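Hi,

Here is the structure I promised to pass on. Have a look at it first, and my notes follow below.

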Amino acid sequence: MKTLGGVLVAIAAAVLAIPFLVVGAVGSGAGAAPASPASAMADAEIPPVLVPHYQAAPACTGLAWQVVAAVGWVESRHGRARRDPATGEWTGIDADTGATASRIVGPALDGSAGTRAIPATPESTAQTGDARWDHAVGPMQFLTSTFAAWATDANGDGKADPHNAYDAIATAGRYLCGGRAELGPLDRALRRYNNSAAYVAEVETKAIAYGMTPWGGAPLGTGAPSVAGVVWAGVDLAAVLEFALSQLGEPYEWGAEGPHRWDCSGLTQAAYAAVGIDIGRTTVQQVHAGREVAWPDEPLRPGDLVFTPRGDRPSGHVGLALDARHWVVAPRTGDVVRIATIPSTVDTVRRIVES
């Protein structure tokens, strides 16, 4: 899923600029710091009338507004809004009310094409016109029952409408937070929306491209230093991170070493090979590469190899640290390369490049 192009350079530079997570540095829920700015891609793809609604949507600390916006892109391309290339004007969303130009109704959830079979209810039929099967509706693609449980009247007209972009975006922010004051694992929140590893990776990738910085540091499009100038002991470590992040969404396959399928050590091997460093192919080899980090007394740094047990094998699984709490990892069969919270079962950390 290599859809980010050059923005990965800024991502990797941001990771290197501040190696430790700034907790609550994204999102506009209670107690959160100000929202991070939109990237150039966000400016190009998100209708300006929706940006403040996406930025206000997070209802908990730790939810980046870019995640809500990424869901809006994946689900409906922001309510099917269109920008006239000649005039630069946006159409498809009423700026005053948030109404979409047409109702957006997803396919019937009849059990085909990998969907769950969800029978219609009188309430869903009123939204979809289908008396037999339910459908996801509106720009954020809610089931009628789910929207009703989290519904928010964001445009102040006295009713919450899943077909209204402003209402749907605010409701999505509440739903992703799930009533919690702090988000918790982003993967888990997104799986409540769509229980698919590929979906999670697609949303995360778009959120990063929109300027989300889950590990703290400068958001995209705000003058982050060039990756070419970020070197540790003569090694372009940012290129290691750039390679790993460029594989988000690619499937896990045991024994795979790319280019479009990876196991955990195949991904880390290829990431370091991108800068000419051979760390070995397997975790058995990689656990001896570089030097041991006295973790947890010595903080993790971006690029550290983080090992956890797998089955009965100590240090049988490996990922690449992004900061003190997050790694990019090829997790297991049925999953995809993704950003995740480093588990509490870390047993070994190896540092390949010293500052």
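**What I found**

If you skip the neighbours within four places in sequence, glutamine 66 is in contact (heavy atoms within 4.5 Å) with Ser36, Pro37, Ala207, Tyr210, Gly211 and Met212.

Before I go on, some housekeeping. This is a predicted model, where local features need pLDDT of at least 70 and side-chain atom pairs count only at pLDDT 80 or more, while totals for chains, interfaces and linings use all residues. Residues are numbered from 1 along each chain as its sequence is written, and side-chain values use heavy atoms, with hydrogens and water left out.

Glutamine 66 sits in helix H4, which covers residues 65-80. Helices here are DSSP runs of H or I with at least four residues, strands are runs of E with at least two, and both are numbered from the N terminus. Glutamine 66 counts as buried because its relative accessibility is 0%. The cut-offs are under 20% relative accessible area for buried, over 50% for exposed, and partly exposed in between, with a 1.4 Å probe and protein chains only.

What does the side chain of glutamine 66 reach at 3.4 Å? That would be the backbone oxygen of proline 37. There is also a polar contact of 3.4 Å between the side chains of glutamine 66 and tryptophan 65. By polar contact I mean a pair of N or O atoms within 3.5 Å; within protein, one must be able to donate a hydrogen and the other to accept it, and residues adjacent in sequence count only if both atoms are side-chain atoms.

Histidine 78 is in helix H4 too, and at 1% relative accessibility it counts as buried. Its side chain makes a polar contact of 3.0 Å with the side chain of tyrosine 210.

**The disulfide**

A disulfide is a covalent bond between the sulfur atoms of two cysteines. Cysteine 60 and cysteine 177 form it, with their sulfur atoms 2.0 Å apart. The torsion about their S-S bond is about -80°, so the disulfide is left-handed. Cysteine 60 lies in the loop between helix H3 (51-56) and H4, and cysteine 177 lies in helix H7 (residues 165-177), so the pair ties together parts that are 117 residues apart in sequence. Both cysteine 60 and cysteine 177 are buried.

**The sheet**

There is an open sheet of 6 strands in the order S3-S8-S4-S5-S6-S7, with antiparallel pairing; two strands pair if DSSP finds at least two bridges between them. Its edge strands are S3 (291-292) and S7 (338-341), each pairing on one side only. S7 pairs with S6 (residues 326-329) in the antiparallel sense over 4 bridges. Helix H11 (residues 264-273) packs on the sheet, where it touches S4 (305-310), S5 (313-321) and S6, and its direction makes about 45° with that of S5. Axes are lines fitted to C-alpha atoms, for helices over the stretch in contact, and angles run from 0 to 180 degrees between N-to-C directions.

**Cores and the H10 region**

A nonpolar core is a set of buried Ala, Val, Leu, Ile, Met, Phe, Trp, Tyr and Cys residues joined through side-chain atoms within 4.5 Å. The largest one has 72 residues, and Val67, Met140 and Tyr272 have the most contacts inside it. Apart from it lies another core of 10 residues, including Leu300 and Val329.

H10 is mostly covered, with 7 of its 9 residues buried. Glutamine 247 is in the loop between helix H10 (237-245) and H11, and is buried at a relative accessible area of 2%. Its side chain has a polar contact of 3.1 Å with that of tryptophan 262.

**Whole chain**

The secondary structure comes to 12 helices and 8 strands. Of the 355 residues, 53% count as buried.

Cheers

Methods:
Disulfide = S-S within 2.5 Å.
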